[in-house]
Amino acid sequence: MALLGDPFRRFFINPPIFRTGSTTALMDWFETPQAHFIKINVPGYSKEDVKVQVEEGNVLVVKAEAGKETSKEKEKETVWHVAERGGGLNGFSREIELPEDVKVDQIKAQVDNGVLTVVLPKDLSPKPSKVRNIHVSSKL
């Protein structure tokens, strides 16, 4: 198994989950022959609250900030006794290292019914082999 070439190597080397506040977003990641799909639960967040970026060339960063509605409620001196549902109360951030075959310039994202769907089209063009033969001689 080629762990270092596997998009899931970050789960073992550097976990891709980064948290802000006490919530993290649950994620599904699957792929078809044409694209990778990432679905992240973002209940209570609007599309304006969710930011999706590619950093360092191959790291997908998904962030959501606390919603405006929550800020207004806090200004009214609302006393929260339990806040477990997330829904814009604390915000969150996730980082996912992308596989090499993703067309970074064609990534699309949409929020619908509390689910963020990120479509990562694959580059289907053949790649040159990364194997390079080295000539072996008797002297250096």
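**Figure 1. Sequence separation of contacts in the protein chain of a predicted model.** Among contacts (heavy atoms within 4.5 Å) between residues at least 6 apart in sequence, 58% join residues at least 24 apart. Residues are numbered from 1 along each chain as its sequence is written, and side-chain values use heavy atoms, with hydrogens and water left out. Because the model is predicted, local features need pLDDT of at least 70 and side-chain atom pairs count only at pLDDT 80 or more, whereas totals for chains, interfaces and linings use all residues.

**Figure 2. Secondary structure of the protein chain.**

**Figure 3. The largest nonpolar core.** This core, a set of buried Ala, Val, Leu, Ile, Met, Phe, Trp, Tyr and Cys residues joined through side-chain atoms within 4.5 Å, has 17 residues, of which Ile-38, Ile-40 and Phe-92 touch the most other members. Two or more residues come from each of β3 (35-41), β5 (59-64), β6 (92-97) and β8. Buried here means under 20% relative accessible area with a 1.4 Å probe, counting protein chains only.

Figure 4. Leaving aside residues up to four places away in sequence, Thr-117 touches Ile-38, Lys-39, Lys-108, Ala-109 and Gln-110. The side chains of Thr-117 and Lys-39 make a polar contact at 3.4 Å, the term denoting a pair of N or O atoms within 3.5 Å, of which, within protein, one must be able to donate a hydrogen and the other to accept it, while residues adjacent in sequence count only if both atoms are side-chain atoms.

How values were computed
Helix = DSSP H or I, 4+ residues; strand = E, 2+ residues; numbered from the N terminus. Buried < 20%, exposed > 50% of the residue type's maximum accessible area, 1.4 Å probe, protein only.
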